[in-house]
Amino acid sequence: TLTVIRLFVAMIVLLGILLHKGEPLPKSGKAWFMCFLVGFFGNVLPFSLIGWGEVVVESGLTAVLMAIMPLSTVILAHFFTEGDRLSPQRLLGISIGFFGIVILVGPSVFGGLGEDGLRQLAIALAGLSYGITTVVARNMPPSSVLGRSVAIMTAGFLFLLPFALWIEQPWTLEPSNTALIGAIHLGVLPTALASLFYLKLIAERGAGFMAYINYLIPIMGVILGASFLGEEVTTQVV
């Protein structure tokens with residue numbers, strides 16, 4: 001239900017901007033098909049898998065498992081996109097980033113690897129799903145970035161809505177005002193606005209570049225956690 005609200009808010013915000021600017025939606029069947037693929041692999045599947053997996057998997061191990069995203073992206077991009085070949089330098093850069101994640105969360109986190117294996121696999125598959133998304137988005141036919149973003153959010157919303165209505169009966173839920181504000185925030189900034197940056201960067205810089213950006217997430221997490229939540233910044237984290 002949270003994901004459905006998030007995607008609906010993003011869809012409405014982006015549609016409003018689209019109408020205001022007078023830009024078109026994708027016209028070809030191929031473009032819409034690829035938008036549905038991005039909506040499924042980039043929103044529906046990973047949001048659901050991560051949410052289910054993190055019920056029991058600690059966030060540190062989740063960060064390591066999610067680091068599969070850049071690793072899988074550069075490998076997939078090598079085979080399925082033009083201009084994103086896997087060079088020794090690129091492989092070295094991705095590997096350094098991966099080991100940086102391991103140091104950040106602590107090597108001891110691997111002690112829990114193998115426990116709750118199915119949920120850990122779900123999180124790893126979410127990372128792979130993001131990798132697939134990046135490669136599909138790189139190969140989308142040229143069209144308005146706004147139009148593609150609206151189509152992607154619409155696809156994810158329409159796919160997930162029946163499951164939310166069937167499984168959770170959201171009309172029976174009583175979320176707090178804080179929870180609703182949080183859901184709206186997720187829809188506006190990290191979903192609607194981020195999708196515009198995401199598609200623009202992939203088109204201009206390629207899938208491999210987006211893979212590197214993924215390693216900024218834990219760095220920003222540490223900075224924001226220390227700034228707003230008073231979390232300790234240890235020598236290991238630095």
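In the predicted model, helix α7 bends at L160, where a kink of about 30° lies shortly before the proline P162. At the start of the helix, the backbone nitrogen of L146 has a side-chain oxygen of S144 within 3.2 Å. At the other end, α7 is followed by Q169, for which phi is positive, near 45°.

The packing of other helices was then examined. Two packed helices are described by the angle between their axes and the distance between the axes. Helix α2 (residues 29–53) packs with helix α6 (residues 117–138) at an angle of about 160°, and their axes are 8 Å apart. The two helices are therefore roughly antiparallel, as angles over 145 degrees are counted as such. Their crossing is left-handed. On the α2 side, the contact includes M34, L37, V38, F41, G42 and L45, together with P46, F47, L49, I50, W52 and G53.

The crossing of α4 and α6 is right-handed. In α4, the residues I68, M69, S72, T73, L76, A77 and F80 meet A124, G127, L128, Y130, G131, I132, T134 and V135 of α6. An α-helix has 3.6 residues a turn, so residues three or four places apart point the same way.

A further pair is formed by helix α3 (residues 59–66) and helix α5 (residues 88–105), which pack at an angle of about 180° with their axes 9 Å apart. This angle makes α3 roughly antiparallel to α5. The contact is made by G60, A63 and V64 of α3 and by F98, I101, V102 and V105 of α5.

Note on methods. Residues are numbered from 1 along each chain as its sequence is written. This is a predicted model: local features need pLDDT of at least 70, side-chain atom pairs count only at pLDDT 80 or more; totals for chains, interfaces and linings use all residues. Side-chain values use heavy atoms; hydrogens and water are left out. The bend at a residue is the angle between axes fitted to the seven residues ending there and the seven starting there. Helices (H or I, at least four residues) and strands (E, at least two) are DSSP runs, numbered from the N terminus. A polar contact is a pair of N or O atoms within 3.5 Å; within protein, one must be able to donate a hydrogen and the other to accept it, and residues adjacent in sequence count only if both atoms are side-chain atoms. Axes are lines fitted to C-alpha atoms, for helices over the stretch in contact, and angles run from 0 to 180 degrees between N-to-C directions. Angles under 35 degrees count as roughly parallel, over 145 as roughly antiparallel, 65 to 115 as roughly perpendicular and the rest as oblique. A crossing is left-handed if the near helix is turned anticlockwise from the far one by less than a right angle, and right-handed if clockwise. Contact means heavy atoms within 4.5 Å.
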